[in-house]
Amino acid sequence: PTSSRHPASSHLLAFYFCRIKRFLGSLSLAVVLNLAVKPGWILLENLVQDRLGHAAFGTFTALSALALVVAAVSDVGLTQHLTRRVAADSEFLSEHLPTLLPLKGWLSGVFLALMLGIGWALGYDARALGWLALIGLTMLLTQYAQFLRGVVQGQQRFGLDAGLSVVEKGGLLVAVGALLLVNQASMTRYISTRLAAAAVVCGVFSVVVARLLGGWVWPRLNRSGARGLLRESLALALITLLYGLNERIDAVMIERLAGPREAGLYAGAYRWTDAAMMYLWTVLPLFFARFAHAAAAAADRAALLRVGQRVAAAPLLLVVVGVLMRGDVLFWQFANSTPAELSRMTWCLRLLFLNVLVHGFFAVYSTLLTSTYLERPVARLVAVSIGLNVLLNLWLLPRGGAVAAAANTLVCAVAVSGGYVWLVARRTPTAVPWALLARLAVAFGLALGAWFVLKVWLDNWLIESVLMTGMFVVILFLTGLVTRAELRALRTAA
């Protein structure tokens, strides 16, 4: 592999760009298609929250977060394990898919019972537990759709996967949009509509995958095979559970410790954070499959890391700078909120987008580690981060509410990301591209300074955004994050 002292030249990277041009094209398609859907969904959820109120939506957010955390039980890492194994062995599906289907059905029942038991233990009343049951069913259907997409990703059909992702989000967008159009929004109707949309999407995905495999696959449980699959996937299950806790525990703790109104304010800010993170969760699974495919080729993996580092981080630099400078304009739909509430949401948003920046720099290292069977040390890192987050929340949430939760999230993201880099440097033959990380940091600093100057000079967020987009392209070339050799390679590759 390339060492950190002697990084690969731009010509070698350009050659590698040629080799993965089709992959990069599929990745771009996935991002563009999702960007076509996600803004509409954000605007719809803003309207729903404004109509239902911060407190009611805060309860919904906490219940959804609880369901997401416990959802790891219903998958036990099988989706990621499926993607990784199919990417490396084309015969895996025919041998193990008939066992995986009934296994997931049994685990889904365990998930529902566990989720409702935890909800009862946390003190939710009967109406909230009913909502939690509907949210849990929606989560199971969504997770099964993700499992089916794992088959597509494992076969390296990234263009089809991008289309399925848009169908999933577009179906929900249409259903909730229709509910708002007839002015019938209530918490129960909103949750039920999401459940119906998830069921339709799950059916569509089942038909697509059945056609892809040449026919329906009928469940046939092989107990010995099921035990083997569970043993192989448990490390990934632990990581999924820990990531779920790390990302979602704040919403539950805010609602329980600071009240549902604070949870609603946090949700209003986190929605935009989730939209930015959607970019990473769109591209990183594709890199996960690609890393697994290149597991035996150290040089390819090192070059892929350098590509992934830039693909993951560079677009988010401009987004984060924009939010730090002009985040307040994103809450224009909250007509029923007070100035104090809008101010708290804006502070939450800025802190959470610094968290996005950290993930943009370092989440690709976690993807590399988990795709190369280093799940256990990653799980230990995330567990430490969760423990730190819980302690900080218990200390600060009763006094600081949503803003304290956002600050705690940032502290924990920095801690766990440092661990990822340390693990890659110590446990893999792949060198950490320190010079590339430095160039990304310089690009962020230049973009932040340029936008500040534009804000002082123009004081018009729209004109600033347009001008800054063009200036950011120049910054990418000045810092060497994009080179002419790579662009020529992409244009001329067959």
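Mentor: A residue is called buried when its relative accessible area is under 20%, exposed when that area is over 50%, and partly exposed in between, using a 1.4 Å probe and protein chains only. Asn355 has a relative accessible area of 3%, and is therefore buried. This is a predicted model, in which local features need pLDDT of at least 70 and side-chain atom pairs count only at pLDDT 80 or more, whereas totals for chains, interfaces and linings use all residues. Residues are numbered from 1 along each chain as its sequence is written, and side-chain values use heavy atoms, with hydrogens and water left out.

Trainee: Which residues does Asn355 touch, not counting residues up to four places away in sequence?

Mentor: Contact means heavy atoms within 4.5 Å, and on that basis Asn355 touches Thr409, Leu410 and Ala413.

Trainee: Is Arg326 buried or exposed?

Mentor: Arg326 counts as buried because its relative accessibility is 13%. A polar contact is a pair of N or O atoms within 3.5 Å; within protein, one must be able to donate a hydrogen and the other to accept it, and residues adjacent in sequence count only if both atoms are side-chain atoms. The side chains of Arg326 and Asp459 are joined by such a contact, of 3.1 Å.

Trainee: Which residues of H16 are buried?

Mentor: Helices (H or I, at least four residues) and strands (E, at least two) are DSSP runs, numbered from the N terminus. In H16, Glu464, Met468, Phe472, Ile475 and Leu476 are buried, and the buried residues of H16 pack against H12 and helix H15 (434-458).
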